[in-house]
Amino acid sequence: MELKYVQTTCPYCGTGCSLNLVVKDGKVVGTAPYQRSPVNEGKLCPKGTYAHEFINREDRLKVPLIKKDGKFVESTWEEANALIVEKFKGYKPDECAVLSSARTSNEDNYALMKFARGALKTRHIDHCARLCHASTVAGLAAAFGSGAMTNSIGDIAESKCVFIIGSNTFEQHPLIGRRVMQAKRAGAKLIYADPRYTCTAKQADLYLQFRSGSDVAILNCLMGEIIRNGWEDKEWVENRAKGYDDLKEMVTKDDYLPENVEKISGIPAAQLKQAAEWIGTAESSALLYSMGITQHTCGIDNVKSTANIQMLTGNIGRRGGGVNALRGQNNVQGACDMGALPVVFTAYQKVTDEAAYKKFDDAWGFPDGICEGKNGYEVTVMMDVLTDNPGELKAMYIMGENPFLSDPDIHHVEHAFENLEFVVVQDIFLTETAEHADVVLPATCYAERTGTQTSTERRVQMWRTAQAPPGEAKLDWKIIADIGAAMGYPEQFAWETSEDVFNEMRALTPSYAGMTYERLNKPEALHWPCPTEDHPGTPILHIGKCSHPDGMGVMHAIEWKPPAEVPDAEYPFILTTGRCIWHWHTGSMTRRSDTLAKEVPTGWIEINTEDAKELGIADKEMIKAITRRGEVEVGAKVTDDIMKGVMFMPFHFAECAANFLTNNALDPIAKIPEYKACAVKVEKITEA
Amino acid sequence: MSAKGDMVYAWAADDAIHQKGECGGAVTALLTYALENGVVDGVLTVKKGYDIYDATPVFITDPAELAQTAGSLHCGTVLLPKIIKKYLDNARNMKIAVTVKGCDAKAMYELAKREQINLDNVIMIGLNCGGSVSPVVARNMIQDKFETDPDVVIKEEIDKGQFIIETAEGHKGISIDDLEEEGYGRRSNCQRCKTKIPRQADLACGNWGVIGEKAGKATFVEVCSEKGADLLDAAVKAGALVTEAPIPKGIEIRGKVENAMFKLADKYRAKQFGELGEGKDRLKFIMDETSRCIKCYQCIENCPICYCVECSTKKAHLVTPGQVPPPFMFHLIRYSHISDSCVNCGQCEELCAMDIPNALFMHSIQTEMQEMFGFEPGVNMDLPVLALVEEQTERKRLSDTGDDQIYNIFAKDKK
């Protein structure tokens, strides 16, 4: 009898906790703490504790499936690959689109990116970062020259003032929530801004309840207060920032006085002033944000505003400060770093930059070249193109993504998919999206692969193989490589191990160039950038200077704009969406984990007690939630913990999918949807 | 022929084990002998993982692999017995040797009396333990207080009240008291622990009391059971282990060290329990601290007293599911089901995602219950105050004795 512990990292959120998988006679049977990890010190959230429960479920995909006469028929790799190759060869490059996966490894993402650009030669590759932190990548790149979380998780605990806006940290990044509480126990002030009085809110010293979509107004107001009181870091502003004068003019306008922002946001003026004082006078102040900031039509503006206030107060490039964009998925940071985006290769080297283009073209050596050196479509744009210009995009290759539950306006997604001729989905379970595929390919889950993933603090950590995959499931990069080779490019897809893929990638990726599996095989691993093999990695960015060529931080003067769709007579409430601690996104893994599914078996809509009374709706009553996009039957959760006039639904549950209701309105540059604000009405269900 | 209570200095006959082992490698020699000769089918112990701060549980069936488990790891905060319950079929079908600190030994008995481990199939090699340090805390401590890069430390040691590190440059020690005053040092449950020499194991091994020319080269072994005596004798007879009588002064010193540690533990108990306040104040403090809970279940999954397949905290009528923080009832269930038997192993606190001082709360209740009912957990197979019994056995006892109490909670003369 063989029992062993395999140390690996969690497949759920971007915190990047380590844990041990307990393997008995070759099968994962449980998890055990890994106390040595500097990130989580052996501690886990409930998803991590039960991260083994879905792994060996009967309904894991085990063999390739091909849809024949509307039904899936079990097939072989040979037959499936032959069909895929034949089909894709029949399409022009830009008729194809690829969705990569923020849940698979860096190696998998790099392989798919190379496949998309080199084998299919399409410009259209994207992944779900589009739906969550696309505004961060663009916004922080504009502000600092680098679009990632500036500090490390550990140094949040050293902050003297933690300002959380748009992140329910206890539920979405629990072990980062721990650092916030450590800071608080050491005397830090905790300011928490959210329309919902969440479990994180309950720990705050100052809770700011506000209407979804008023973030720029709030941040401008805080900055105005800071400047009026002389609390800004004058040295930082003078020596390290550009654009201060324009920013100052903007934020000191009457529009952004506390009394006026109170009207926009709902936060009392006195609270705004208090927050500004604490942030402005703290020895160090860390700003944490997540979807509440990014998922808006003004997502980039929101992000830039967070960068503004941290620059204004000199909280960039030092411990306990920073703009801490909390990336959601376990490897969304990595997927972005690997260039699974329509505008960049790895390490954000632009597709339109001639030197970068040539570097990749030459290194890869595809005999017939690669995609055009032009930007491609984002996933949200792909959906629009499919409905608005049918015939332009014909085929899609999807790895580890479930747009049928995670994209906004699901009816729009359904319509979009009707106009696709050929869809391949590579996943571990038959998801809602996989049901719509023509070919389904069985892939390995995190416990069955060796590879790397990059957490929100830019720490690149290892996954280690704990057991063999079920049936004929293969490593994601291997599936892609086999198809790439079959398409006529065996030399370009000749990798034998994950390490081969990693080494090829890092030779082209300055921020990862100094990393090797050997160097990563230690508990501390490495934070990028790590440009050389003797570089210790970079836990904190922008120390001394920012990442723009001239080293300056860029402040942007931004006007507040309301969301694309605001409440009106017909749809009088704001609908905001989000997650809960028990489930991960579209639930393909957590809803198949008994312990987690039992805690929360289905969805709900949160309605403020007063609103519910006026509407005549009782707690747990099944009601209809309706927006201009669609309607959903869902159970009501009547509570004081949500702001009057605002309603909330988690998006995990297919049977009451919040995204039938959400608005496909996009940030014009980041193309991220406004999941956090649209207009909704609710109706009682009357018997027919 | 050894007997319970005998004490010897022991060391490995094999040179390699002698070198690699801590103080002469006696424990490794005993384990190797037991595994090689089929006394046990497997050894559950701890090995060094990535570095000296990383203690990994390991289940070994090939004796050749035992060498990697030799040595001591003061950052080994893992608890082994629950692994037997969860993953080794409760030791029903195989014989296992386990190295046990005091908390491991106590946990073993509590699991055994709940029929979760078959102790007949387990040999416990006890290890003296003055307390362990959580790995990341140790590294931070070495960086901040010793002003040394933790990666260059070759060996760490806790000796004579000091935490000592050895680097290429030499040794450096700082008083544990001073370190713990600043929040570093041993886990707080270790600070309160009074099971430094685990005599409820079959053999109790350590380096306290080894003086004279054998200092640092032999292990002090106290025989604590017939099973332990048999193993010791067999290993000696087979030439795997060499023993000699201990120097009497050494025995005295060992006793003094143990007593000194008990006094220290009493001091920490008074201080830590004292800080909890009393009555409503204590309740308020507990409710405040537990309000951070995110229901990660690590306390329950790792607690050696928790073994129920259908945990009461997962019953919807007791604890409304899906709530963060969970209702206070979640914690009340833990206190009411566990506190009489808490062995202060500290897992619930070290692994709590939100740093709630769970072990402090539980242990504080346990010590008071021990005073009230006289039950001490983890020392033998006596059933606890709160125990599951077989209905037929109970009915028979009732009819035989006319007494409806398994545990006489009203007996005033119980100590």
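Biologist: What makes you divide chain B into domain 1 and domain 2, and where do they run?

Modeller: This is a predicted model, and the bounds come from an automatic or database domain assignment. Domain 1 of chain B takes in 7-132 + 186-264, while domain 2 covers 278-395. Taken over C-alpha atoms, their centres are 28 Å apart.

Biologist: How do you know which residues of domain 1 of chain B and domain 2 of chain B belong to the contact, and how many are there?

Modeller: The test is heavy atoms within 4.5 Å. On that basis domain 1 of chain B contributes 24 residues and domain 2 of chain B contributes 28 residues. Between them the two domains bury about 2100 Å², with 51% of it on carbon and sulfur atoms. On the domain 1 side, the residues losing the most area are K113(B), R114(B) and R192(B), together 29% of what that side buries.

Biologist: Why is the pair E301(B) and K86(B) called a salt bridge?

Modeller: The rule asks for a side-chain nitrogen of Lys or Arg within 4 Å of a carboxyl oxygen of Asp or Glu. Here the closest N and O atoms of E301(B) and K86(B) are 2.8 Å apart, so the pair meets the 4 Å cut-off. Between domain 1 of chain B and domain 2 of chain B the count is one salt bridge. The rule for polar contacts finds 20 residue pairs across that interface, both residues at pLDDT 80 or more.

Biologist: Let's turn to the two chains. How many residues of chain B and chain A take part in their contact?

Modeller: Chain B gives 41 residues and chain A gives 42 residues. The chains bury about 3400 Å² between them, 57% of it on carbon and sulfur atoms. Seven salt bridges are found across this interface, along with 18 residue pairs in polar contact, both at pLDDT 80 or more. On the chain B side, β3 (55-60), α3, α5 (135-144), α11 (298-302) and α13 (347-350) give two or more residues. That side has 21 nonpolar, eight polar and twelve charged residues.

Biologist: What makes E599(A) and K295(B) a salt bridge?

Modeller: Their closest N and O atoms are 2.8 Å apart, and the cut-off is 4 Å, so the pair qualifies. D355(B) and K43(A) also meet in a salt bridge, at 2.8 Å from N to O. This pair crosses between chains: D355(B) sits in the loop between α13 and α14 (358-373) of chain B, and K43(A) in the loop between β3 (27-32) and α1 (46-49) of chain A. Over all chains, the rule counts 74 salt bridges.

Biologist: And the aromatic rings: why is the pair of Y110(A) and W364(A) called edge-to-face?

Modeller: Over all chains there are 28 aromatic pairs by this rule. The ring centres of Y110(A) and W364(A) are 6.5 Å apart and their planes stand at 70°. Planes over 60 degrees apart count as edge-to-face, so that is the name for this pair. Y110(A) lies in helix α3 (residues 106-119) of chain A and W364(A) in helix α17 (residues 354-364) of chain A, so the pair ties together parts 254 residues apart in sequence.

Biologist: How do you know that the peptide bond between W528(A) and P529(A) is cis or trans?

Modeller: Omega is about 0° there, and the bond is cis. P529(A) lies in the loop between β19 (526-527) and β20 (553-554) of chain A. In chain B, the peptide bond from V324(B) to P325(B) is cis as well, with omega near -5°. P325(B) is in the loop between α11 and α12 (329-338) of chain B.

Biologist: What makes the phi of R458(A) worth a remark?

Modeller: Most residues other than glycine have a negative phi. R458(A) is not a glycine, yet its phi is positive, about 65°. R458(A) is placed in the loop between β17 (451-454) and β18 (459-463) of chain A.

How values were computed
Residues are numbered from 1 along each chain as its sequence is written. Chains are lettered from A and ligands numbered from 1 in the order in which they are written. Side-chain values use heavy atoms; hydrogens and water are left out. Buried area is the accessible area (1.4 Å probe) that two parts lose on being put together, summed over both. A polar contact is a pair of N or O atoms within 3.5 Å; within protein, one must be able to donate a hydrogen and the other to accept it, and residues adjacent in sequence count only if both atoms are side-chain atoms. Helices (H or I, at least four residues) and strands (E, at least two) are DSSP runs, numbered from the N terminus. Ala, Val, Leu, Ile, Met, Phe, Trp, Tyr, Cys and Pro count as nonpolar, Asp, Glu, Lys and Arg as charged, and the others, Gly among them, as polar. Rings of Phe, Tyr and Trp (its six-membered ring) pair if their centres lie within 6.5 Å; planes under 30 degrees apart count as stacked, over 60 as edge-to-face and the rest as tilted.
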